Amino acid sequence: MKILVTGATGYIGGRLVPLLLEAGHEVRVMVRDPGRAAGRSWSSRVEIFRGDVEDPATLADAVAGMDAAYYLVHLMGTGGDFVKRDRAAAHNFVAAAQELEHVIYLGGLLPEGAEISDHLSSRAEVGEILRAGLPTTEFRAGPVIGSGSASFEMVRYLTERLPAMIAPKWIRNQVQPIAVRDILQYLVLALERGPSGIYNVGTDPLTFKGMMQEFAAVRGLKRLIVPVPVLAPRLAALWVGLVTPISNRLAVPLIEGVTHPVVADTSRVLEDFPEVTPLSYREAVARALHQTTENAVTTRWSNALGDSLAFELTQEEGLILETRRCHTEASPEATFRAFASLGGATGWLYWNWTWSLRGLMDQMVGGPGLRRGRRHPTDLEPGDAVDFWRVERVDPPHLLRLRAEMKVPGRAWLQFESEPDGNGTKLTQTAIFEPFGLAGQLYWNALYPVHKFMFSGLVRNIAQRAESGAQS
């Protein structure tokens, strides 16, 4: 079959595409930024189409010639009134896709007899619009558990970082999670079944407290969780945003989604899809942890890219990434020479006094400080010392990765990359930190205001140094 996948660079879409290809389907992916799809392992085997569900003019060509489509778009977290935007986008898609034989949509389980959050009500409304206007199968799922998923990461960070916690009483509410493996199986198999209406999916229900306790058991951790009759959802979401990599704007709807019991009858999907045996929550957690350890995480809940000067602060698989990018008219070779000569007598080009102060503080607690300098003013080899860094990887003229040997509550790296960009070079600078517990997280948060200026100035001055050709 000829299949259109919207949301192909998202968490589910990015994993669905290779499964469709393996099943022998012809796949077209519709993305707003083709560059984000071009870097995927499957990009050479699909047709990449630039389109946007919020731009009706792009949709007719996107669906032309397709037999079926996956609607995996949700605009929460992208700014503005996402409920209104999701509604309009669904209507746009329905108007353009009248020739499709089948649309498959992934929505969310709904609590019965309770006030529904904007997030879940929007998901339900989109499903209603699609079913009213197109032959549609809708899968309604609770928290998706898989390596890199938002729900998994929220549970993981809360459980790993907090040996004891007080939590709102609604953590005793039952929810119905599902392994990402299982939802992907349903999505692929649905093509064979034809339009089938609504399916509720999930494994055996358990409480949100139980989700954390089961995670702790898999990890061999002992955790104390005390429910208390306080903490409103938004206040709890702020706490989640502080302790976990989940941003507040995503944490709020995630938390609101579990403030009421969310359990559904899954008997229909079990009857119609007997080849799918849902994994238990514990099995799903074990699989997700294994894939994380093996660096086999194919998609993540958040992988947004910046455009121009670009600053990006994310947390992925236990790592905090602070990324800045800029363009320089210099060649990749000149750009590499500029950042490969940092440290030692050259210094750090911007706010050098802060680097000196940090080195002095490191010496006072037994670290190397800046005393070591560097072996050679421009040449680097793996294992070389560069002040309080160690060269972990060097690949001229493309990459330099430095590992911190200063005393910090975690592990840190500073990485520079240069790649051709038109007539010049795209320079990417990434500070990477793996915090050890809550102390590591607080350490990084405290330094963020300094990093904001120091690292921005550093990447700009490296670009200027590359253009001037100045070498010390």
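1. Asp86 sits in helix α4, which covers residues 82-96; helices here are DSSP runs of H or I of at least four residues, and strands are runs of E of at least two, numbered from the N terminus. This is a predicted model, in which local features need pLDDT of at least 70 and side-chain atom pairs count only at pLDDT 80 or more, while totals for chains, interfaces and linings use all residues. Residues are numbered from 1 along each chain as its sequence is written, and side-chain values use heavy atoms, with hydrogens and water left out.

2. Asp86 is buried but has no salt bridge, and the nearest side chain of opposite charge, that of Arg123, is 7.1 Å away. Buried means under 20% relative accessible area, exposed means over 50%, and partly exposed lies in between, with a 1.4 Å probe and protein chains only. For charge, Lys and Arg count as positive and Asp and Glu as negative, while His and the chain ends are not counted. A salt bridge requires a side-chain nitrogen of Lys or Arg within 4 Å of a carboxyl oxygen of Asp or Glu.

3. The side chain of Asp86 does have a polar contact of 3.3 Å with the side chain of Ser122. Such a contact is a pair of N or O atoms within 3.5 Å; within protein, one must be able to donate a hydrogen and the other to accept it, and residues adjacent in sequence count only if both atoms are side-chain atoms. Leaving aside neighbours within four places in sequence, Asp86 is in contact (heavy atoms within 4.5 Å) with Val73, His74, Leu75, Met76, Ser122 and Val126.

4. Side chains of opposite charge can pair when their charged atoms come close. The count comes to 19 salt bridges, and one of them joins Glu125 and Arg87, with an N to O distance of 2.5 Å. Because Glu125 lies in helix α5 and Arg87 in helix α4, this pair ties together parts that are 38 residues apart in sequence. Arg87 counts as partly exposed, because its relative accessibility is 32%.

5. A salt bridge also joins Arg219 to Glu160, the closest N and O atoms being 2.7 Å apart. This pair links distant parts of the chain, with Arg219 in helix α8 (residues 208-219) and Glu160 in helix α6 (residues 150-161), 59 residues apart.

6. Arg193 and Glu275 form a salt bridge in which the closest N and O atoms are 2.9 Å apart. Since Arg193 lies in helix α7 (residues 180-193) and Glu275 in the loop between α11 (267-272) and α12 (281-293), the pair ties together parts that are 82 residues apart in sequence. Elsewhere, salt bridges that share partners join Arg390, Glu392, Arg401, Arg403 and Glu405 into one network.

7. Leu134 lies in the loop between α5 (118-133) and β6 (136-141), and Leu134 counts as buried because its relative accessibility is 4%. Not counting residues up to four places away in sequence, Leu134 touches Phe93, Val94, Ala97, Gln98 and Val103. The C-alpha atoms of Leu134 and Pro195, which are 61 residues apart along the chain, are separated by 9.1 Å.

8. Met364, in helix α14 (residues 352-364), counts as exposed because its relative accessibility is 65%. For the protein chain as a whole, there are 15 helices and 20 strands, and 54% of the 472 residues count as buried. Among contacts between residues at least 6 apart in sequence, 71% join residues at least 24 apart.
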